Structures are given as C-alpha cells and as structure tokens.
Amino acid sequence: MTVALRTLLDRSVKKMGKGMNPMVKAATLEMVERAYTERITVQISAGHRSLEEQAALYGQGRVYSYNGKNYSNLAKPIVTNAKPGQSYHNYGLAIDFFIVSDDGKRAIWTVDSKWQRVAAIGKDLGFKWGGDWSAFKDYPHLEMSGGLSFTQLQAGKEPHLTFKLEKMEMPKTNKGDSHIISIQKTLNSRYKTNIEGDGFYGPKTRSALIKGLQTELNKQYNRKLVVDGKWGAKTKTATVIIKKGASCKITWILQAALYMEGFNPGPLDGEFGEKTETALFKYQKARKIPADKLAGKVTWNELFDRNTKHLM
Ligand SMILES: [Zn+2]
C-alpha cells in the first residue's frame, strides 16, 4: 500500500465534519485503522449532515420544499428516502464509506469481499450496516442509533453508545487498577502484546506501550522501527511532537503512560484536550523537564526510558 494510514484518517475526519457523535467518530477511525492492518484502504465520504443538506439530498429527483425553501432538483435521480431529521447522519450517528485504490487516488465503489469485510469490521465495532437492510440496500452506510428513534433524537435524547473496542476476556480476579486493566486489554487487542491484565504497571506493560508507540510511528509516519518494545535511541529519534488538539492513537498512548505515572489525563479517548494537557504539564513539572505542554522527545524519553533512572 502506498497511501499512508494518516492520509486516510485525515481525509475521513474532514469528510465526517463537525457535529459527529464522538463515540461514532472514534469507532469509525478505528474501523479505518483495522481495515488498513488487513491491507484494505477505506475512506469515509460522509458523516454529519445538516437538515438543510438532507433537504437538498431528498429534493434530488423530487419536487420538494423545506422550511419555505425550494429544494426540487428533478435533473438528478432519487438518492434517499430520508427527509430532514429522518437520517442518523443528521445526528452525527452515521457514516458512509468507500474503498480507495492502494495509492489512495481512486474511489472504488464495487461491493466485493473487501467492501464486505469493512462492513463486518464496522458491525464488530457496534455499527448497523445498510447492506443488511432488506428494502433499500445502502452499501456504504453504517450507523449507531443507540436504540433511539428519530422522534426521540429530535426531542434531544442522547444515545448511550457502547464502543466495542476490546474483545479480550476480563480477568476473573480483579485486584489491580481497573483503568490499567482496561489499558492492558486495549494494548493486547490493538498491538497483540499478550500481556496479563492484572491492573499493575510493570516492565511488561511499559514494554507493550512502547510497542504500541513504535507501531503507530511506523503506521502513521512511515518510520521503519523494529517493534520490539525496547526504548532505544532509534525510537527516541523517531518520536513526534503531540500537543493539544491532537486526536490519534499516539495521544492515547501518551494518556495511558501519564495515567500509569499517576497523572490523570481524563478519559482515555485519544483526544488531546484540556485535561490531558494539564496532566502533561504537571508531569513535566514533577519530573523537572521543560514544562512546555508538548509531548516531544524529552517527555517520551522521560516516560519510557528506564535505563538510567527511576527504578521500578
Ligand atoms: Zn449513509
């Protein structure tokens, strides 16, 4: 594959637009990433859609007006049966996907085994797929309704979505920190690290976090690191600066590492917001490294280097 994962993710984020439900957005990006690890290059073509945009779509192939405005567009064929407010896109709960060529330059709309596989990954993550509908098949479409009807959503009800990220079994004896157990499970599921979910931050968990970082640097920044979970000069040099506003798996690794060190970054969601920045700042001050609120080489090194300092 010649197109970078980062490119697919960036384009997809742009197309989803603002107004996406954060869980649906996170699940969508996870789907793009999982597909990429199976050498399937997928992109998102649509996400949140305003009521006016929905009216314009519904008006295609029809005589239609909405809120006193004419949306009739008989020159185009009918593309949807959903009026404004009757699509989960209007609530940031649906996305449309398509396959792109290996070089990322061409859209491929053939519903083949790759396409079916992306839909299956989406369903694994909790989406319902339009290709499963009996009446009006909508192959690019994935949605999470949280069990709410359009009427309930219009009334302002918030869906309770369960983001099925991990598929690992929880350990029976739960004696350690539950957040750390959850981090360990996510590491195992994302990076196949096979560490014990015991809720304690030890050398194996740290090594798994380093593996995660190495994997993401390779995937997102085309680094050529050996994924060995060891902190060395090459990995240190390959790190990137992560700062407020970042939204990626590397941010998640930063959050996890800060949490392990006893600095709570807020929800471990991969979104570098206020709480993550505060936790980073406090950590930098506590460790007496430049408190610049940027996770760059010095911070990454401080978090992961155990060769010379901080015995366990
Ligand atoms: Zn759709």
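Phe97 and Trp115 are both buried, where buried means under 20% relative accessible area, exposed over 50% and partly exposed in between (1.4 Å probe, protein chains only). The model is predicted, with local features requiring pLDDT of at least 70, side-chain atom pairs counting only at pLDDT 80 or more, and totals for chains, interfaces and linings using all residues. Residues are numbered from 1 along each chain as its sequence is written, and side-chain values use heavy atoms, leaving out hydrogens and water.

The structure holds eleven aromatic pairs. Rings of Phe, Tyr and Trp (its six-membered ring) pair if their centres lie within 6.5 Å; planes under 30 degrees apart count as stacked, over 60 as edge-to-face and the rest as tilted. Two of the pairs are tabulated below.

| Pair | Class | Centre to centre | Between the planes |
|---|---|---|---|
| Tyr91 and Phe150 | stacked | 6.3 Å | 20° |
| Phe97 and Trp115 | tilted | 5.0 Å | 40° |

Tyr91, in the loop between β3 (69–70) and β4 (94–100), and Phe150, in helix α5 (residues 150–154), are 59 residues apart, and their pair links distant parts of the chain. Helices (H or I, at least four residues) and strands (E, at least two) are DSSP runs, numbered from the N terminus. Phe150 is partly exposed, at a relative accessible area of 24%.

The pair of Phe97 in strand β4 and Trp115 in helix α4 (residues 113–124) also links distant parts of the chain, 18 residues apart. Ring pairs join Phe97 and Trp115 with Phe98 and Trp109 in a cluster.
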